[in-house]
Amino acid sequence: PSQSTAHVMNVRMLERIEHDRQRDSPLLQFESLDPEFGIGEHFQVRYPAIEAKSKGAKWSTTEYLIKRDGNREVEYMFECSPYAPSPACGVKFNLSARPELVVDIRFGRDLMPNWQDIVQSVDAKIESWGPTRIETAKR
């Protein structure tokens, strides 16, 4: 598959996270969390040194929710900032009508119970724009 698909990006990110977890660094603390929002794989990565310097504030914590398909492949990987002043989540996915395009959206974490509706609405809205001209950056 193309190296720029959301699936490939998510797999690379999970490989990096797993590598960090195996290193067992005192700079990172991995915590498994209960399933939420109909998504079974849920964990967060905390940074104790940053928390200590910020008097216990967890603003640097990153939360991950991973939705897998029937083949156990990553379908969606949400990356959230649950303790930020404005808690938010982001997700990348390929546009259904134009799978070569990756869509990257962010929304308030309080909207996570509606994640499926959000993804479907964004997908449908972008598809409704009709034909588009796509330019790629030259390297």
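A: Two residues are in contact when heavy atoms of theirs lie within 4.5 Å. By that rule, residues 24 or more positions apart make up 37% of the contacts in the protein with a separation of 6 or more. The model is a predicted one, in which local features need pLDDT of at least 70 and side-chain atom pairs count only at pLDDT 80 or more, whereas totals for chains, interfaces and linings use all residues. Residues are numbered from 1 along each chain as its sequence is written, and side-chain values use heavy atoms, with hydrogens and water left out.

The protein has 3 helices and 6 strands, where helices (H or I, at least four residues) and strands (E, at least two) are DSSP runs numbered from the N terminus. Their order from the N terminus is α-β-β-α-β-β-β-β-α. Of its 139 residues, 32% are buried, a term that stands for under 20% relative accessible area, with exposed over 50% and partly exposed in between (1.4 Å probe, protein chains only).

A pair of aromatic rings is described by the distance of the centres and the angle of the planes. Rings of Phe, Tyr and Trp (its six-membered ring) pair if their centres lie within 6.5 Å; planes under 30 degrees apart are stacked, those over 60 edge-to-face and the rest tilted. The whole structure contains 6 such pairs. One of them is the edge-to-face pair of Tyr76 and Trp115, with 5.5 Å from centre to centre and 65 degrees between the planes. This pair links distant parts of the chain, since Tyr76 belongs to strand 4 (residues 74-81) and Trp115 to helix 3 (residues 115-128), 39 residues apart. Tyr76 counts as buried because its relative accessibility is 17%, and Trp115 does so at 5%.

Phe78 and Phe107 form a pair whose ring centres are 6.5 Å apart and whose planes meet at 75 degrees, so this pair is edge-to-face. Because Phe78 lies in strand 4 and Phe107 in strand 6 (residues 102-108), the pair ties together parts 29 residues apart in sequence. Both Phe78 and Phe107 are buried. Ring pairs join Tyr76, Phe78, Phe93, Phe107 and Trp115 into a cluster.

Another ring, that of Phe43, has Arg21 over its face, 5.2 Å from the ring centre; a charge sits over a ring if NZ of Lys or CZ of Arg is within 6 Å of the ring centre and within 35 degrees of the ring normal. Phe43 stands opposite Tyr64 in strand 3, while Ser32 stands opposite Phe43 in strand 2. Strands pair if DSSP finds at least two bridges between them. Strand 1 (residues 29-32) pairs with strand 2 in the antiparallel sense over 4 bridges, and 5 bridges join strand 2 to strand 3 (residues 62-68), also antiparallel. Strand 2 (residues 41-46) has 5 of its 6 residues buried, so the rest of the structure largely encloses it.

Finally, the loop between strand 6 and helix 3 holds Arg109, which is buried at a relative accessible area of 17%. Beyond its neighbours within four places in sequence, Arg109 is in contact with several residues, among them Glu36, His42 and Cys89. Cys89 is joined to Cys80 by a disulfide with S to S 2.1 Å, a disulfide being a pair of cysteine sulfur atoms within 2.5 Å.
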